[in-house]
Amino acid sequence: MEIQYKLLSPNFGVEINNIDCSKEISNSNLSIINKLIQEKHFIYLKDQSLDEKKLSNFAKNFGKLEVYPEKDKTKKFKQIFNVSNVSPEGIKLEPNDQRVILQKNNERWHTDSSYRFIPSYLSFLYGLEVLPPNVKGGETEFSNMLLAYDSLTKKQKQKFAPLHQVHSYNDIRRLEPSMPPLSHEERENFPPVSHPLIRVHPDRSFKYSLFFTSNTSQEISGMTLTKGRNLHKWLVKYVSNSKFCYKHKWKKNDLIIWDNRVLLHRVKSYDYKKYKRVLIRATVAGKNYVLGPYSNKI
Ligand SMILES: [Fe+2]
């Protein structure tokens with residue numbers, strides 16, 4: 001059966017109604033989903049019946065899966081990342097537990113695995129346990145970086161073109177100092193990397209988008225520390241404008257997919273002590289390093 005879908009917002013996002021992600025997907029449907037990802041960047045599939053294995057199997061249709069930097073956040077499959085304030089035994093974690101602190105860090109705008117030299121392509125996030133429907137918070141919000149770039153002034157575009165940001169997995173500890181240090185091996189595997197602030201997309205006729213995060217470093221390179229921090233602060237506020245954003249309100253068994261190359265995301269704050277929120281994520285690795293306006297073309 002051919003895929004049926006509807007638009008979720010004027011600027012990006014679609015809901016697909018008639019796909020069972022636990023089953024094998026036909027090649028023709030796969031190519032429709034790939035096209036929708038490219039054009040609409042965010043996909044919502046409700047009432048899915050997935051577990052770690054089924055989620056990995058479905059995500060593998062779109063490429064190679066990433067393995068996570070810290071061993072203790074994986075479950076049965078090392079390609080599955082827990083986005084959860086609950087222990088594997090089902091017990092709500094204490095607010096000072098490093099896994100909860102890491103969840104709180106996700107309230108900052110970011111793209112998944114920007115700390116890699118080749119950052120991720122797609123994220124697949126599945127809701128096992130979510131907040132009650134009448135409770136505010138816990139939504140995942142997205143901001144469209146293609147739109148955000150297009151809406152900059154000509155002067156801003158020129159100013160941002162040569163700038164970079166340093167992305168470092170270890171820098172999460174700088175923002176969240178109560179987290180225990182990474183092991184030597186973990187640090188060795190994920191050294192800081194630098195990406196251009198303006199990302200060039202060869203598969204979109206070399207269109208430009210903004211590309212930055214606020215969950216690790218809070219500076220922009222290529223300017224003084226104060227100016228870099230001020231610009232970073234300005235960017236965070238700028239991309240939070242509702243005209244670039246779409247918010248996903250979770251229901252149990254929702255699956256969402258997004259393109260990390262062009263969307264930023266963050267979780268909206270919720271009462272971590274009161275409510276359980278258990279999601280699992282698989283992430284498809286990117287294929288190319290981030291090109292900027294001054295990069296040599298591949
Ligand atoms: Fe994330």
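How many bridges pair strand S6 with S13, and in which sense, parallel or antiparallel? Five, in the antiparallel sense, with S6 covering residues 140–144. Keep in mind that this is a predicted model.

Phe 142 has His 265 in S13 as its bridge partner. Both strands belong to an open sheet of three, ordered S11-S6-S13, with antiparallel pairing. On average, neighbouring strands here are turned by 20° against each other, direction ignored.

## Around strand S3

Now hop over to S3, residues 42–45. In a regular strand, side chains alternate between the two faces of the sheet. Here, Phe 42 and Tyr 44 point one way, Ile 43 and Leu 45 point the other way, and all are buried.

S3 runs parallel to strand S2 (residues 14–16), joined by three bridges, and Val 14 stands opposite Ile 43. To get from S2 to S3, the chain passes through helix H1 (residues 27–40), making a right-handed β-α-β crossover.

S3 also runs antiparallel to strand S12 (residues 255–259), with four bridges joining them. There, Phe 42 has Trp 258 as its bridge partner.

Last stop: strands S9 (residues 198–201) and S10 (residues 207–210), an antiparallel pair with four bridges.

Methods. Residues are numbered from 1 along each chain as its sequence is written. This is a predicted model: local features need pLDDT of at least 70, side-chain atom pairs count only at pLDDT 80 or more; totals for chains, interfaces and linings use all residues. Two strands pair if DSSP finds at least two bridges between them. Helices (H or I, at least four residues) and strands (E, at least two) are DSSP runs, numbered from the N terminus. A residue is buried if 20 or more other C-beta atoms lie within 10 Å of its own, exposed if 12 or fewer, and partly exposed in between; C-beta atoms are placed from the backbone. A crossover is right-handed if, with the strands pointing away from the viewer, the path from the first strand over the helix to the second runs clockwise. Axes are lines fitted to C-alpha atoms, for helices over the stretch in contact, and angles run from 0 to 180 degrees between N-to-C directions.
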